[in-house]
Amino acid sequence: MSDQTASTSNQHDAEASSGSRRSFLKTTALSALGAMLGMAVPFERNLPAGFLPVALAQDTGLDLMSGKKGLMVLGDRPLNVETPVHLLDDDVTPYERLFVRMNGLVPQTALDQDAEGWVLTIDGEVETPLELTIDDLKSRFENVTRRLVIECGGNGRAFFQPGTSGNQWTFGAVGCPEWTGVRLADVLKAAGVKESAVYTGHYGNDVHLSGDEEKEVISRGVPIEKALQEDAIIAWAMNGEPLSAVHGFPLRLIVPGYPASASQKYLNRIWIRDKEHDGAKMTGDSYRIPAYPVAPGTEVPEEDMVVLTEMPVKSIVTFPETGAEVKAGEAVEVRGHAWCGKGDVASVQYSLDFGQTWQEAELEPAPNRFAWQRWRAKLTLPQHGYYEVWARAVDQDGIGQPPLSPVWNPRGYANNIQHRIALVAVG
Amino acid sequence: MRIIPTIVAATVAALILSTGLAVAETRLDPMAVLAGRPAGSDPLDPMTALRARADLAEVADGNQEFGGLPDGEGAEETYYQCVACHSTEIIKQQRVTDHRWDELWRWMVEAQGMVGPEPDTKTLILTYLKTNFSSER
């Protein structure tokens, strides 16, 4: 309905200002702006080109980026911010170094850190629909704290050739903070999942970029079998602090192993479905990959696209920073993290000779399932010159990372290309 | 370096029909994307040589009046159409096929509620996007 209204109003404005293409264009954009703010923009024709009211700038969450140290802003509206890989060295990713992936605008409740009256609804294919306050969650279910990797499905998109649409993440749309909450499975069991349950459907209160309050920003889900495993949690805290505005205050899901879009922020409803969920960005080609391997650049019919579930095995080199100088003939530590959408990683290897030979790195066990695992190696560069360190992780099924991008897909998901850094040895 | 998607698509169609293997062998060459070090790639960051395009910085210096979009016919129209919902940063990152731009437009109208302009303006904007943010040229 509101789309139609906006359209009509645009046409009307266009007629009124015919003769000036520039003012027509400005009117088109600003009428949409008015729709976004839910009000008319006074004196909109007098606004200079490129000017956006303060309310807009604030709602993107960009103002909050002063708390993120050294990150790269890929986009300011919606806000998408990547962490340079050498800043991901911490075992537990601190707030300042966790990427931000917004599909819409930050809701006012999150900006205000106002959880008054917040209710999480569990409904659909359950015996007893639940309406839970945050206090209910904290008191009725066992509280758990876990380190869980969260990785954007499009992490690594920048390496697909030809390019694929979306934010051009390299390696930094990943992190492993410590989350506190309750098991999703415990809450679902309390509601009594029916035999007919097939999929979850997640909802939050973030605001669509168009400003249309009726429009879903993103509503994804996971197969009920995944939701009932003990790993996923409904979290209210990250690293011991309440969730921040850009990371989903006051409640969010963390469904480890799956693309982070399944880990709904600003969570207020979990709808148990009797079929694969069809909310915003579940359908079309969003977070989907072809059902069969395709040549780079191929357009794939929509009916041949299937939902991306488990993320592939992956590793990064977090120390030293690429391009670092080291002393030839002296031992130097190289280290990073490894993780896998299926659970624990089996091994990590590294190469100093462009993949000709590989050595085993030391791999620490995960503190809990779906936390990333520290890998490290002591290496000595034999003489001065240019070296590259390539790292590859291998999962429990013997599947490792490819030296170049894995099979191409139209939207550029699940790229687990090996990470390479340069080291310059001096004499 | 360049892959011409229409040819790729045609070749794949031929592959599916199991009639075009000889054609596929001459046209689908995985080594092509690895030929030569892309301009702007940095030896001290080996991953830059493996990116779809290493010259993103060139586009960053576009016309500041239009959110840094490069000058050209349709830049102004593109700016005002797109910033109604999102900033130009996401546009400047794209290197996609013509077909994908058509699909993105359809998706923005049908799924995201974008108010489409007059047909002439739509053509102008899509031509601008396909010219400046392409994996084909």
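This is a predicted model: local features need pLDDT of at least 70, side-chain atom pairs count only at pLDDT 80 or more; totals for chains, interfaces and linings use all residues.
Chain A has a mean pLDDT of 88, with 86% of its residues reaching 70 or more.

**Confidence along chain A**

- Over residues 1-58 of chain A the pLDDT stays under 50, and for this stretch the model has 65 contacts beyond four places in sequence.

**A four-stranded open sheet in chain A**

- Four strands of chain A form an open sheet in the order S5-S4-S14-S10, and the pairing within this sheet is mixed.
- The edges are taken by strand S5 (130-133) and strand S10 (199-204) of chain A, each of which pairs on one side only, and neighbouring strands of the sheet are turned against each other by 15° on average, with direction ignored.
- Strand S4 (residues 119-124) and strand S14 (residues 267-273) of chain A run parallel and are joined by four bridges; in S14(A), Trp271(A) is the bridge partner of Asp123(A).
- S10(A) and S14(A), by contrast, run antiparallel and are joined by six bridges, and here the bridge partner of Thr200(A) in S14(A) is Ile272(A).

**Burial of the edge strand S10(A)**

- Although S10(A) is an edge strand that pairs on one side only, it is mostly covered, with six of its six residues buried.
- In a regular strand the side chains alternate between the two faces of the sheet.
- In S10(A), Tyr199(A), Gly201(A) and Tyr203(A) point one way, whereas Thr200(A), His202(A) and Gly204(A) point the other way, and all of these residues are buried.

**Helix H6 of chain A**

- In helix H6 (residues 184-191) of chain A, the buried residues are Leu184(A), Val187(A), Leu188(A) and Ala191(A); because they cover an arc of only 95° around the axis, they lie on the same side of H6(A).
- These buried residues of H6(A) pack against several elements of chain A, namely S4, S5, strand S9 (178-183), helix H7 (224-227), strand S11 (233-238) and strand S13 (252-254).
- Just after H6(A), Gly192(A) takes a positive phi of about 75°.

**The largest nonpolar core**

- The largest nonpolar core holds 126 residues, of which Val149(A), Ile234(A), Ile254(A) and Val389(A) touch the most other members, and S11(A) supplies the largest share of this core, with five residues.
- Leaving aside residues up to four places away in sequence, Ile234(A) touches Leu137(A), Gly181(A), Val182(A), Leu184(A), Val187(A), Leu251(A), Leu253(A) and Leu267(A); among these, Leu184(A) and Val187(A) also belong to the buried residues of H6(A).

**Chain B**

- Of the 137 residues of chain B, 34% count as buried, and among its contacts with a separation of 6 or more, 48% are between residues 24 or more positions apart.
- Helix H4 (residues 75-82) of chain B is largely enclosed by the rest of the structure, because seven of its eight residues are buried.
- The buried residues in H4(B) are Glu76(B), Glu77(B), Thr78(B), Tyr79(B), Tyr80(B), Gln81(B) and Cys82(B).

Terms used: Residues are numbered from 1 along each chain as its sequence is written. Chains are lettered from A and ligands numbered from 1 in the order in which they are written. A residue is buried if 20 or more other C-beta atoms lie within 10 Å of its own, exposed if 12 or fewer, and partly exposed in between; C-beta atoms are placed from the backbone. Helices (H or I, at least four residues) and strands (E, at least two) are DSSP runs, numbered from the N terminus. Two residues are in contact if their C-beta atoms, placed from the backbone, lie within 7 Å. Two strands pair if DSSP finds at least two bridges between them. Axes are lines fitted to C-alpha atoms, for helices over the stretch in contact, and angles run from 0 to 180 degrees between N-to-C directions. The arc is that of the directions from the helix axis to the C-beta atoms. pLDDT is the predictor's confidence in each residue, from 0 to 100. A nonpolar core is a set of buried Ala, Val, Leu, Ile, Met, Phe, Trp, Tyr and Cys residues joined through C-beta atoms within 7 Å.
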